[in-house]
Each structure stands twice: as structure tokens, then as C-alpha cells.
Amino acid sequence: MQFIDRVEIEVAGGKGGDGIVAFRREKYVPAGGPAGGNGGKGGSVILRAVEHLQTLLDFRYNRRIEGENGQRGGPNNRTGASGGDRIVQVPVGTMVYDATTEEVIGDLIEPEQTLVVAAGGKGGLGNKHFLSNSNRAPEYALPGLEGEERFLRLELKLLAEVGIVGKPNAGKSTLISALSASRPKIADYPFTTLVPNLGVVRKPSGDGTVFADIPGLIEGAHLGAGLGHEFLRHIERTRVLLHLVDITAPDPIEDYEMIQQELAAYGRDLLNRPQIVALNKMDACDRTEEEIEAIATRLSELSQSPTPIFQISAVSRLGLDPLLQDIWTTIDRLKEERDLIQNLSS
């Protein structure tokens, strides 16, 4: 399945039905008079977030979405039928922007959450509505109004509690495949991962936590270099960042600093997220213990993290249990802090 996480579409609510001019002339209705019904309301375009979708691919082939038009009014004061709403499914985590003004219209982060993006037009009034003491036989009605029309940009930002970042070939895909049932493409060349991968990792309590493997970042990613520019947005919603550093790289310290610079340049408060650092590929490392310890010490100084620098191997699953335990502890602490803030504000 092709991964599409940003599209522009045009949406239009249905036109309201026209009101009509009609009179009652039955011989057994002595008062007679105007009896033109109102037009029906036009259908709206509504986005609904669903969990089973992971991409905006459907919108690539369907760029204009319209609500159904309302029906014109009928005689004997009958209101026309309303047009049907057009309900369109989008992945959970879809942000909706007005493509013209850049205004954020909505953020669909909950399953079954809905958002009206183009309201249908009101139905026109029939001549019955204009009956008055001074005008006992109005011979005019109003047309239905056009539905709301606008250009939208949809951006999918994956909902994951843990975002895995690092340079290409740091072992992010291997790690997520070792921790979850996800089976991303894995190879020994850069940019194996071309799209973000999601994996559900089970906690000891049985609850699932979503991890996101973000395609490898290179220097200048925030400006569009490599693949990072396209996918950095997917870590905006993550609560914890797991930074993988390849211990077999020529200069792991330089790799770490480059990723940190890209996160800082991208902004969105990413550097203020709790960040856990792990040296990966320990089973393939030919450095001495003193060299490894010096690298870990320097990373600890740079990260200023209260947790140690973990030494792991995603391939052989070395050191994954302590790493996961620290991730669960961090997530639980963040949840407690969030609940405390909510209680104090309520």
C-alpha cells in the first residue's frame, strides 16, 4: 500500500433546494392561499476518523468531494428532502487546514471523531413563508443557497507514544521488528525505510503502546534534505523520543549531535520531549570497552538525561528489557504529570 500523508482536496456542501410558489385551490378549502413549500437543506461534507486507515491514498484519486443537493419544495406546504451528507473516512491523526488561509480547521485524534468541513446550503423559502396581512397571495419564493466550498490540506501525523529517531541504518526498523509484530523492510543500505512504520509493543500489563519508526534523518532534513523533511511531522505527537545511535559508525558522537541539531531546527518543541538514548549494534562493535564507555559518557553529558545510555543490539535482542522498562517508567510518569495538571485545572 502506498503511504500518502499529505494531500490537498476541494470540498463543497450541497446546494439547498429551491422554495416554490404554489396555491391551494381545492373547492373544499375555502381559505386556499399560498402553499409553496421550502427547499430541503443541502448535504454537508463530513470527515470521520477511523483506526483501520493508515494513509491518505484514497484522496489522491478523488480530489473533489461534494455533498448531495437538497430537493425543491413541494405544493401543499411540503418541504423538499434534505441532501445526504457525504461522510468521508480519514486516518486517526489527520489534521485539517484551510489551504488558502493556513487556518487549522480541526484535528481528528480520536476514533469516530467527526468534523464538518463544508456545510450544505440552506433551502429556499416557499411562498407560504411570505404570507402576511398586507400580502395574502405572495407570488415569489427564494432559491436555495449554495453550499460552503473550500480548499483543504489534509496532513496525517501518526499517533505514537514513542518515536524512534536516528541516522539511516541506525537500526530503527530492526528494533521495531524485534519489539513488535511489525515487519518493515530491512537492509544494509541507507534509506531502507521510505515511510514511517508503526508497531504495537506490549507492556507487562498487557496494554499496547504504539512505537513509530521515523525514516532516517540526515543533515539538512528540516530544510528538505533526504527523507526526514517529509516525515519529521510524525514525531510531533510522540510523548517520548528513543534516539538510536549506531556504535559501529565512524563517529557516533557526531551522529548524535547532527540528529539533535535537526530536531532543534525543526522546532515544534521536540527537544523538550523526554529522550532516551541507546547505542545499537553492540554485538557488531569492535571498539574496546574503554572506547565504548567514553562514547557513552560523552552522550550522557550531551543528552543531560537522568537515565543511562543503554547499550543494545536489536538483532540479538541484547539489552532490550532494561530499555523497555525505562520507556514504560517514563510514559507512566508523563501520564501522572498530565493527570495532575488536568486535576489542578478542573
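Is the crossing of helix 3 and helix 4 left-handed or right-handed? The crossing is right-handed; by convention, a crossing is right-handed if the near helix is turned clockwise from the far one, and left-handed if anticlockwise by less than a right angle.

Before going on, the ground rules. This is a predicted model, where local features need pLDDT of at least 70 and side-chain atom pairs count only at pLDDT 80 or more, while totals for chains, interfaces and linings use all residues. Residues are numbered from 1 along each chain as its sequence is written, and side-chain values use heavy atoms, with hydrogens and water left out. Helices (H or I, at least four residues) and strands (E, at least two) are DSSP runs, numbered from the N terminus.

Back to the helices. Helix 3, residues 252-266, and helix 4, residues 289-303, pack at about 20 degrees, and their axes are 10 Å apart. That makes helix 3 roughly parallel to helix 4. Angles under 35 degrees count as roughly parallel, over 145 as roughly antiparallel, 65 to 115 as roughly perpendicular, and the rest as oblique. Axes are lines fitted to C-alpha atoms, for helices over the stretch in contact, and angles run from 0 to 180 degrees between N-to-C directions.

Which residues meet? From helix 3 come P252, I253, Y256 and E257, and from helix 4 come I295, R298, L299, L302 and S303. Contact means heavy atoms within 4.5 Å.

Six strands make an open sheet with mixed pairing, ordered 12-13-11-14-15-16. Strand 12 (197-202) and strand 16 (310-311) are at the edges with a single partner each, so one side of each has no neighbour in the sheet. Two strands pair if DSSP finds at least two bridges between them. Strand 15, residues 275-280, runs parallel to strand 16 and is joined to it by two bridges; L279 stands opposite Q311 in strand 16. Helix 1, residues 172-179, lies across strands 11, 12, 13 and 14, at about 160 degrees to strand 13.

The other sheet on my list is open, with three strands in the order 6-4-9 and mixed pairing. Its twist averages 30 degrees from one strand to the next. Strand 4, residues 45-50, pairs with strand 9 in the antiparallel sense over four bridges, and T114 in strand 9 is the bridge partner of R48.

Last, the aromatics: the structure holds two aromatic pairs. In one, the ring centres of F130 and Y140 are 5.0 Å apart with planes at 50 degrees, so the pair is tilted. Rings of Phe, Tyr and Trp (its six-membered ring) pair if their centres lie within 6.5 Å; planes under 30 degrees apart count as stacked, over 60 as edge-to-face, and the rest as tilted.
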